[in-house]
Amino acid sequence: MSSTAPKVSIGLAVYNGEAYLKEAVDSILTQTFTDFELIISDNASTDRTEEIGRAYAAQDQRVRYHRNATNIGGANNENQTCAMARGQYFRWAAHDDVCAPTLLEKCVAVLDKNPDVVLSYSTIIHIDAQGNQLKTLDKEIGTSPKPNERFRNLFGWNHDCETTYGLMRLDALKKTGLQRNYTDSDRTLLCHMALIGRFHMIPEPLFFKRIHQAMSTMVFWDFRERMAWFSESYRDKITFPHWLQFFHYLEIITKTKLPLGERLRCYRHMIRWLIDERRWRKMIKDVIIA
């Protein structure tokens with residue numbers, strides 16, 4: 001590993017990802033922008049993930065392979081890659097997704113040119129298990145100049161949080177406290193980033209998100225069952241994911257440095273979150289199931 005910090009750090013958290021890992025890593029290592037480090041954090045995989053990860057680390061000095069002694073949970077493993085990062089910019093990567101060769105180059109150019117932008121992402125293509133294109137996601141989210149509008153734009157279920165795979169300013173990302181251990185916390189993370197600064201979308205298909213039956217949202221399709229992805233200890237516990245998210249939203253609005261008017265508008269949006277998004281029903285359901 002070079003002693004000089006790279007401009008970009010990429011955190012690839014993986015558990016039993018042998019089926020697609022090589023394709024994902026190859027698409028990263030062939031980027032036209034080369035000043036990056038790739039951190040592969042293996043969550044105690046039981047398949048060939050360790051063998052693949054160590055082989056890449058031996059072949060390319062930009063690759064760092066780390067293996068957890070035990071499975072620490074999906075979000076904790078992703079957060080760990082951020083803690084290990086040394087770059088100015090940071091991007092999460094998944095073991096089953098694919099990046100176009102110019103993704104980093106174009107995202108870096110956006111952040112270099114626009115100091116008020118905290119996250120740069122591109123048009124996203126959904127692909128299936130075989131790599132066939134399914135649909136295109138080209139809706140701009142989080143790009144408004146007003147923090148409260150960005151917050152309102154991101155807390156709804158009108159997007160699937162793929163924007164978390166955009167290139168982010170690492171110092172801004174660390175201000176958020178990263179992901180917490182409850183379902184949909186990546187949406188809350190995006191909202192927190194959006195309160196810190198605006199997003200920018202590159203209108204080119206540079207990121208390919210794979211949709212397949214083995215992905216975590218398919219394995220744990222139910223909102224409460226998905227808590228097991230964060231930690232096996234939640235599998236048989238009473239959990240209140242919607243309440244956790246509600247209070248987390250209030251916390252980030254309170255703690256983020258915003259003009260008073262913007263903060264009050266964000267609090268008002270939380271009423272819309274409860275009513276328009278019908279989260280109040282899900283919060284009541286949390287209590288009934290408990």
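Analyst: The sulfur of C266 is 9.1 Å from the closest cysteine sulfur, which belongs to C191, and this is too far for a bond, given that a disulfide is a pair of cysteine sulfur atoms within 2.5 Å. By this rule the count comes to zero disulfides. C82 is likewise in no disulfide, its nearest cysteine sulfur being that of C107, 17 Å away. This is a predicted model, in which local features need pLDDT of at least 70 and side-chain atom pairs count only at pLDDT 80 or more, while totals for chains, interfaces and linings use all residues. Residues are numbered from 1 along each chain as its sequence is written, and side-chain values use heavy atoms, with hydrogens and water left out.

User: Are C266 and C82 buried or exposed?

Analyst: Buried means under 20% relative accessible area, exposed means over 50%, and partly exposed lies in between, with a 1.4 Å probe and protein chains only. C266 is buried at 0%, and C82 is buried at 1%.

User: Which residues of the largest nonpolar core touch the most other members?

Analyst: In soluble globular proteins, nonpolar side chains tend to be buried together. A nonpolar core is here a set of buried Ala, Val, Leu, Ile, Met, Phe, Trp, Tyr and Cys residues joined through side-chain atoms within 4.5 Å. The largest one has 73 residues, of which V8, L38, W92, F151, L173 and F199 touch the most other members. Strand β6 (residues 117-127) gives the most to this core, with seven residues; strands (E, at least two residues) and helices (H or I, at least four) are DSSP runs numbered from the N terminus. Contact means heavy atoms within 4.5 Å, and, leaving aside residues up to four places away in sequence, W92 touches residues including C82, M168, L173 and L189.

User: What does I252 touch, not counting residues up to four places away in sequence?

Analyst: I252, found in helix α10, touches F151, T188, C191, H192 and L195 when such sequence neighbours are not counted.

User: How many salt bridges does a search of the whole structure find, and which parts does the pair of R64 and E37 tie together?

Analyst: Side chains of opposite charge can pair when their charged atoms come close. A salt bridge is taken as a side-chain nitrogen of Lys or Arg within 4 Å of a carboxyl oxygen of Asp or Glu, and the search finds 19 of them. In the one between R64 and E37, the closest N and O atoms are 2.9 Å apart. R64 lies in strand β3 (residues 63-67) and E37 in strand β2 (residues 36-42), so this pair ties together parts that are 27 residues apart in sequence. R64 is buried at 18% relative accessibility, and E37 is buried at 2%.

User: How far apart are the closest N and O atoms of K106 and E204?

Analyst: K106 and E204 form a salt bridge with these atoms 2.6 Å apart. K106 lies in helix α4 (residues 103-113) and E204 in strand β9 (residues 198-210), so the pair ties together parts that are 98 residues apart in sequence. K106 is partly exposed at 27% relative accessibility, as is E204 at 30%.
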